[in-house]
Amino acid sequence: MTTEIPQKQWAQVFEKCGAPLQLKEIPVPKPGPDQVLVNIKYSGVCHTDLHAWKGHWTAPIKTPLVGGHEGTGVVVAVGELVKDIKVGDHAGIKWLNSSCGQCDFCKTCTPELSLGAETHGMLGMASDEPVCEKASLSGYTMDGTFQQYALVNSGHAARIPKHLPLDAMAPIMCGGITTYRALKECNAKPGNTVVINGAGGGLGTLALQYAKAMGLRTIAVDTGDEKAQLCTQLGAEVFIDFMKEDVVAKVKECTGGLGAHAVIVLAVTEKPFQQATEYCRSRGSVVCVGLPPAARISASVATVVMKMLNIKGSYVGNRLDTQEAIDFFARGLISAPFKLATLSELPKIYEMMEAGQISGRYVLDMSVGSTTFCPENAPLTRR
């Protein structure tokens with residue numbers, strides 16, 4: 001199969017952190033020996049992309065940069081060393097674009113998080129590779145998916161079955177994989193109650209569904225009538241509006257006074273991280289996922305010790321987590337609530353994101369080039 005690849009493509013580019021986004025034509029990259037070139041059809045917009053553009057983190061970032069790390073599309077070229085993925089296959093590009101494969105983290109397996117590795121034939125991929133210090137990160141240390149053609153290491157390209165819709169799969173590439181991994185990290189068991197703080201956003205709406213599919217009961221924390229309705233539709237047994245209710249008191253009321261077995265904090269402000277230990281039950285886990293700029297987490301030492309709490313971070317998933325997250329979707333257990341927009345509308349979406357006005361996820365249609373329409377009026381879709 002041969003595919004005609006253009007010399008130029010549309011992309012959203014910023015020259016330095018905080019500089020205006022520019023929708024412009026740039027060259028189409030060519031794959032290296034172990035890379036594949038994916039014609040990006042859709043790309044989700046994640047809060048991490050906003051952080052990268054604004055320069056909120058101290059980690060070194062490539063500039064100029066094409067952001068984005070939730071891309072789905074069709075493979076159009078492969079490097080000479082690539083054998084297990086071919087032109088015409090459907091593939092996804094994630095935050096973790098490549099890892100070294102040789103460090104302690106890439107070779108270390110966490111047994112309790114890797115139970116499905118043998119089933120999926122992925123024993124060598126059930127590792128702690130996301131924390132590889134030599135990892136390449138889409139839309140951060142290398143150009144990402146806010147362009148029509150993007151590169152990914154062949155081993156890290158997500159394999160997407162062709163019958164799955166590429167628009168709905170885009171949010172799974174980060175939001176789905178990340179929250180699924182966080183739920184594995186919290187060690188909650190079927191029937192346990194998990195609080196999803198930040199439940200109405202792109203990660204939270206997926207976390208609610210993965211939790212339900214894993215047999216967990218959920219309490220959603222967010223604000224606004226639209227998010228309340230959406231979270232309830234997605235399986236939350238209780239919705240707590242943090243602008244109207246005392247989160248700590250309400251969670252305890254809903255859990256017989258003991259608190260939740262686990263708390264997944266997806267929030268983009270600091271306060272929820274400070275509160276989480278107050279409504280987590282003894283021997284429970286607080287899992288930090290959201291990355292508010294310059295935020296810190298603190299807790300009473302006496303509370304943590306006497307309640308034997310586990311406070312931990314969860315970053316992104318590995319290749320096994322990716323395959324499992326896709327399998328949940330393929331089995332009809334997950335639907336991605338998203339609104340479709342165009343590549344040119346990315347600046348407006350960032351404005352809405354900063355204002356907390358987005359329920360679910362925005363997904364960019366990359367095929368429309370510089371066409372413009374109003375993202376606020378886009379309908380919320382679930383597939």
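Modeller: Start with Ile172. Ile172 touches Ile177, Leu206, Tyr210, Ala325, Ile326, Phe329 and Ile334, leaving aside residues up to four places away in sequence. Contact here means heavy atoms within 4.5 Å. This is a predicted model: local features need pLDDT of at least 70, side-chain atom pairs count only at pLDDT 80 or more, and totals for chains, interfaces and linings use all residues. Residues are numbered from 1 along each chain as its sequence is written, and side-chain values use heavy atoms, with hydrogens and water left out.

Now step back. The largest nonpolar core has 45 residues, and Ile172 is among those that touch the most other members, including Met169, Val194 and Tyr210. A nonpolar core is a set of buried Ala, Val, Leu, Ile, Met, Phe, Trp, Tyr and Cys residues joined through side-chain atoms within 4.5 Å; buried means under 20% relative accessible area (1.4 Å probe, protein chains only). Among the elements that give two or more residues to this core are helix 3, helix 4, strand 11 and helix 10. Helices (H or I, at least four residues) and strands (E, at least two) are DSSP runs, numbered from the N terminus. Helix 5 gives the most, with 6 residues. Another core, of 33 residues, lies apart and includes Phe14 and Tyr350.

Conventions
Buried < 20%, exposed > 50% of the residue type's maximum accessible area, 1.4 Å probe, protein only.
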